Amino acid sequence: MSHANPVDLVFGGMEKLGPGSDSDTLQVLDMLPKVPHGLIVDAGCGRGRHTLALANRLRNPVHAVDTYEPFLSSLIEGAEGAGIGPLIQTYCMDMADIADRFQGIDLLWSEGAAYNIGFPHALKIWHSALKPGGFAVVSELSWLQEKVPADVRRFFKTGYSDMRSADENRGVAEDAGYRILATHTLPRATWIEGYYDRLEPRARSLLDHPDQAVRDFASETLEEIRIFGSSEDSYGYVFYVMEKV
């Protein structure tokens with residue numbers, strides 16, 4: 001008996017697989033010094049919303065890395081549809097292996113994906129792949145306030161127990177050999193528009209699905225959305241714009 005893939009059912013066909021927007025991606029890109037970026041790697045690209053935004057703006061090849069082949073196929077399709085197919089090169093591989101595949105990276109970009117291998121670990125191994133003076137732009141879920149509602153704190157104790165404050169993450173970056181040039185916190189609206197507002201009805205429609213794994217994933221998704229609604233802006237995604245020291 002074949003089982004439905006919960007990720008495909010909940011996220012299939014969605015342009016956004018997490019909070020963010022093209023305008024935020026490009027705003028953060030503009031925080032970097034205006035220098036030519038030769039080798040660009042997007043770590044954990046997903047369906048590649050931001051990959052396309054970067055390639056389109058920089059008119060430079062972007063090497064997109066993800067472990068999930070269907071996302072990469074979708075990215076290639078999107079790139080061809082946008083007329084920038086030759087600018088996108090995809091690699092189905094683990095982000096943790098980037099230093100084995102690429103050396104002398106000018107710009108390493110990663111939106112909402114570093115947590116998969118741990119933020120400190122990601123920064124450390126990507127540091128070795130960057131050229132001297134190269135740049136890393138990594139967004140990470142971060143506590144934004146000391147006062148956090150109790151149910152939010154509880155949710156992340158199991159959901160992401162390693163979550164740190166923005167200040168702690170700055171320290172992590174400095175310890176890993178980077179200089180922080182700037183930070184940018186994603187606005188609340190980018191969590192909702194095109195993401196949670198599409199995700200919520202999809203997840204709700206799957207609560208009666210015959211497959212237990214799908215029902216569980218749908219319930220977890222709805223709980224995540226509920227927690228966000230009661231978060232009082234106590235957490236968010238922060239972009240850390242960094243230069244290799």
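Mentor: Two strands pair if DSSP finds at least two bridges between them. Keep that cut-off in mind for this predicted model.

Trainee: What makes E4 and E5 a pair?

Mentor: Five bridges join strand E4, residues 105-110, to E5. The cut-off is at least two, so they pair. The two strands run parallel.

Trainee: Which elements make the right-handed β-α-β unit with E4?

Mentor: E4, helix H6 (residues 119-129) and E5. It is called right-handed because, with the strands pointing away from you, the path from the first strand over the helix to the second runs clockwise. Another right-handed β-α-β unit is made by E5, helix H7 (residues 150-159) and E6.

Trainee: Why is E5 called largely enclosed?

Mentor: Check its residues. Of the 14 in E5, 11 are buried, so the rest of the structure largely encloses this strand.

Trainee: Why does Leu32 count as buried?

Mentor: Its relative accessibility is 3%. Buried means under 20%, so Leu32 qualifies.

Trainee: Where is Leu32 found?

Mentor: In the loop between H2 and strand E1 (40-43).

Trainee: What is Leu32 in contact with?

Mentor: Leave aside its neighbours within four places in sequence. Then Leu32 is in contact with His37, Leu107, Trp109, Phe135, Val137 and Val241. Look also at Glu243. Leu32 and Glu243 are 211 residues apart along the chain, yet their C-alpha atoms are separated by 9.1 Å.

Trainee: How do you know that the span of H9 is close to the expected one?

Mentor: Set the two values side by side. Helix H9, residues 189-205, has 17 residues and reaches 23 Å from its first C-alpha to its last. At 1.5 Å a residue, 24 Å is expected. H9 does have a kink, of about 50°, centred on Tyr195.

Trainee: How does H10 do on that test?

Mentor: H10 has 18 residues and reaches 26 Å, against an expected 26 Å.

Trainee: Which residues of H9 are buried?

Mentor: Thr190, Trp191, Tyr195, Tyr196, Leu199 and Ala203. What covers them includes helix H1 (6-11), helix H2 (22-29), E5, H10 and E8.

Trainee: And what covers the buried residues of H10?

Mentor: The cover includes H1, H7, H9 and E8. The buried residues of H10 are Val214, Ala218, Thr221, Leu222, Ile225, Ile227 and Phe228.

Trainee: How many residues are in the largest nonpolar core?

Mentor: There are 49. Trp109, Phe156 and Tyr235 have the most contacts inside this core. H10 gives the largest share, six residues.

Trainee: What does Phe156 touch?

Mentor: Leave out residues up to four places away in sequence. Phe156 then touches Leu141, Trp143, Ser161, Met163, Ile227 and Tyr235.

Trainee: Which residues does the second core include?

Mentor: Among its 32 residues are Tyr91, Ala99, Phe102 and Leu130. This core is separate.

Note on methods: Residues are numbered from 1 along each chain as its sequence is written. This is a predicted model: local features need pLDDT of at least 70, side-chain atom pairs count only at pLDDT 80 or more; totals for chains, interfaces and linings use all residues. Side-chain values use heavy atoms; hydrogens and water are left out. Helices (H or I, at least four residues) and strands (E, at least two) are DSSP runs, numbered from the N terminus. The expected span of a helix is 1.5 Å times one less than its number of residues. The bend at a residue is the angle between axes fitted to the seven residues ending there and the seven starting there. Buried means under 20% relative accessible area, exposed over 50%, partly exposed in between (1.4 Å probe, protein chains only). Contact means heavy atoms within 4.5 Å. A nonpolar core is a set of buried Ala, Val, Leu, Ile, Met, Phe, Trp, Tyr and Cys residues joined through side-chain atoms within 4.5 Å.
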